[in-house]
Amino acid sequence: MEVKLAYSEAELQVKIPPEADVDIFTPRIEDTNRPAIPDEADDGDDLHAFLSCEPLLLVVNDGHRNTPTSKILGFLDRIDHGLLDRAEFLIATGAHDAPAREHLTRIFGPYYDRVHPRLTHHDSRDYAAMTSIGVDSIGGEVFINSRVLEAAGIFVIGSVEPHYFAG
């Protein structure tokens, strides 16, 4: 499967392996302050079914990104009140250090105490927590956090942006 993404002034095509299960939720354009939800014709059953899978992993940006994670968590909590009490959370730190308490409270806001027991962060230097998934086009081994591979469903709350200093 190929997914087309808007990238700068162009379009980027991403190849998704056939064994991956992908759901795409389209935003309602008329309300840009509201998180993306299924199309109006959809009654939301697919989203509810997806959010109820176990284990569900929510991947969120670290405190170095200006993502309104706590607002989106509030939206998800209204859809499924038990979600934040059962889902697992992984902070996508990239090469950044582990998040400090200040970052954690900024990321999760009023939901921090509810999610804290099931919260971990990615450590790019901890190869024991990762699984090799192959080799890239220039021969480098590619690793992914093992928690991603163990999850029945993955819900990503994040921004996609260029990293001018790291490439």
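The questions below take up the labels one at a time.

Me: What kind of model is this?

Reply: The model is predicted. Its secondary structure comes to six helices and eight strands. From the N terminus on, the elements run β-β-α-β-α-α-β-α-α-β-β-β-α-β.

Me: Why is D77 called buried?

Reply: The relative accessible area of D77 is 10%. Buried means under 20%, so D77 counts as buried. Of the 167 residues of the protein, 31% carry that label.

Me: Why is R114 called partly exposed?

Reply: R114 has a relative accessible area of 23%. The label buried requires a value under 20%, and exposed requires one over 50%. The value for R114 lies in between, so the residue is partly exposed.

Me: What makes the contact between D77 and R114 a salt bridge?

Reply: The distance from N to O between their side chains is 3.0 Å. A salt bridge needs a side-chain nitrogen of Lys or Arg within 4 Å of a carboxyl oxygen of Asp or Glu. An Arg and an Asp at 3.0 Å meet that condition, so the pair qualifies. The two residues come from distant parts of the chain, with D77 in helix α2 and R114 in helix α5, 37 residues apart.

Me: How do you know that D123 and R125 form a salt bridge?

Reply: Their closest N and O atoms are 3.9 Å apart. The cut-off is within 4 Å, so this pair counts too. D123 is partly exposed at 29%, while R125 is exposed at 52%. The structure holds eight salt bridges. Among the residues involved, E54, D80 and R86 are joined into one network by salt bridges that share partners.

Me: Where do E102 and R106 lie, and what makes them a salt bridge?

Reply: Both residues are in helix α4, four residues apart, which is about one turn of the helix. The closest N and O atoms of E102 and R106 are 3.1 Å apart, and the limit is within 4 Å, so the label applies. E102 has a relative accessible area of 54%; exposed means over 50%, so E102 is exposed. R106, at 45%, is partly exposed.

Me: Why is a group of residues called a nonpolar core?

Reply: The members must be buried, must belong to a list of residue types that includes Leu and Phe, and must be joined through side-chain atoms within 4.5 Å. The largest such core here has 25 residues, and L58, L76, F89 and F108 touch the most other members. Elements that each supply at least two residues include α1 (45–51), β3 (56–61), α4 (101–108) and β8 (153–157). The element giving the most is α2, with four residues. A second, separate core of five residues includes V59, L90, V148 and A151. In soluble globular proteins, nonpolar side chains tend to be buried together.

Me: Which residues does F89 touch?

Reply: Leaving out residues up to four places away in sequence, F89 touches L57, L58, L73, L84, F108, V115, R118, L119, T120 and R147.

Me: How do you know that β4 and β5 are paired?

Reply: Two strands pair if there are at least two bridges between them. Three bridges join β4 to β5, so the two strands count as a pair, and they run parallel.

Me: What makes the peptide bond from E54 to P55 stand out?

Reply: Most peptide bonds are trans. The bond from E54 to P55 is cis, with omega near -5°. P55 sits in the loop between α1 and β3.

Conventions. Residues numbered from 1 in each chain as written. Predicted model: local features only at pLDDT ≥ 70, side-chain atom pairs only at ≥ 80, totals over all residues. Heavy atoms only, no water. Buried < 20%, exposed > 50% of the residue type's maximum accessible area, 1.4 Å probe, protein only. Contact = heavy atoms within 4.5 Å.
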